[in-house]
Every structure is written in structure tokens, then in C-alpha cells.
Amino acid sequence: MNKYLLLIAMGLFMASCASTEKPLYSWYDSEDATYTYAKRGGEEQLAKAMAQYEKVIKNQKGIRMVVPPGANAEYGYLLYKSGKKDEGLALLKEEQKLYPESERFISRIIKQLEKSNSTKQEP
């Protein structure tokens with residue numbers, strides 16, 4: 001009898017741990033695409049990673065209905081590195097607006113990108 005009560009109690013406990021709520025953010029497959037790009041490099045992997053981040057930014061279905069932390073920064077960095085510097089910097093700055101706690105970190109990234117860009121332009 002005690003075994004059955006224990007099993008029932010454990011079943012109820014486990015059922016209470018399950019969440020049926022929507023997640024806070026929709027990440028789609030951006031983590032996998034970024035990992036693949038980081039491991040293999042290449043134009044095809046870069047294009048896939050960028051497409052996933054664009055999807056994350058434009059199609060949010062999570063509870064908060066805002067871009068997840070770091071998504072604008074990641075996509076902005078990829079855009080910058082692929083030659084779309086103005087769009088990339090704009091997304092990095094958008095990350096700072098949405099998540100003010102990232103300001104110190106993102107501002108350093110922006111400074112480094114602008115510094116490396118200005119040194120490449122000098123003869």
C-alpha cells in the first residue's frame with residue numbers, strides 16, 4: 001500500500017513540475033546555426049545563421065514578444081562581419097536599448113569594431 005501511495009505522490013509531484021506555458025522567447029534554431037558557423041565557418045553556414053537570427057528578431061512568439069537577450073547583438077555582429085556595417089551597428093545599439101545591462105559590454109564591441117574599421121581605411 002505504501003508503495004502505491006509513494007508512486008502516486010511521485011507522479012503528482014512530477015506532473016506539477018511540467019510547464020505548459022509558452023517560453024519567454026522564441027529562439028528557433030539560432031543556437032545550432034551559430035554553433036555550426038563557429039565550428040565550420042563558410043558562407044553557407046553564415047547565411048544559415050543570419051537567416052535564423054533574422055527569424056528570431058522578426059517572428060517572436062514567446063510570452064514577452066520581444067527579441068531575446070543577445071539576439072540583436074549576435075545578428076548585428078554577423079551583419080557587420082559580412083559587410084553590412086551600418087545595419088550591424090544599428091542592431092548592436094538596439095541591443096543596448098532593449099537590455100540596458102548590456103551597455104558596457106556592447107559599447108566595447110562597438111568601439112572595437114569602429115576602431116578596426118578605421119585602421120583598415122587608413123593607407
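Modeller: Here is a walk along that helix, taking its partner helix, its core and its charged pairs in turn. First the ground rules: this is a predicted model, where local features need pLDDT of at least 70, side-chain atom pairs count only at pLDDT 80 or more, and totals for chains, interfaces and linings use all residues. Residues are numbered from 1 along each chain as its sequence is written, and side-chain values use heavy atoms, with hydrogens and water left out.

Helix H3 covers residues 43-58; helices here are DSSP runs of H or I, at least four residues, numbered from the N terminus.

Who touches whom? On the H2 side the residues include Ser30, Ala33, Tyr37 and Arg40, and they meet H3 residues including Leu46, Ala49, Gln52, Tyr53 and Val56; contact means heavy atoms within 4.5 Å. Take serine 30: leaving aside neighbours within four places in sequence, this residue is in contact with Gln52, Tyr53 and Val56. Serine 30 counts as buried because its relative accessibility is 0% (buried is under 20% relative accessible area, exposed over 50%, partly exposed in between, with a 1.4 Å probe and protein chains only).

Now the core. In general, nonpolar side chains tend to be buried together in soluble globular proteins. The largest nonpolar core here has 12 residues, among them Ala33, Leu46, Ala49, Met50, Tyr53, Val56, Leu78 and Leu91; such a core is a set of buried Ala, Val, Leu, Ile, Met, Phe, Trp, Tyr and Cys residues joined through side-chain atoms within 4.5 Å. The elements that give two or more residues to this core are H3 and helix H4 (71-81). H3 supplies the largest share, 5 residues. Leucine 46, for one, touches Tyr37, Leu78 and Ser82, not counting residues up to four places away in sequence. Another core of 7 residues lies apart from this one, and Ala73, Tyr80, Ile106 and Leu113 are among its members.

That leaves the charged pairs. Side chains of opposite charge can pair when their charged atoms come close. A search of the whole structure turns up 2 salt bridges (a side-chain nitrogen of Lys or Arg within 4 Å of a carboxyl oxygen of Asp or Glu). In one of them, lysine 48 meets glutamate 44 at 3.5 Å, N to O. The two sit 4 residues apart in H3, so about one helical turn separates them, and both are exposed. In another, lysine 58 meets glutamate 54 at 3.0 Å, N to O. This pair also lies in H3, again 4 residues apart, about one turn of the helix. Here lysine 58 is exposed, with a relative accessible area of 60%, whereas glutamate 54 counts as partly exposed because its relative accessibility is 32%.
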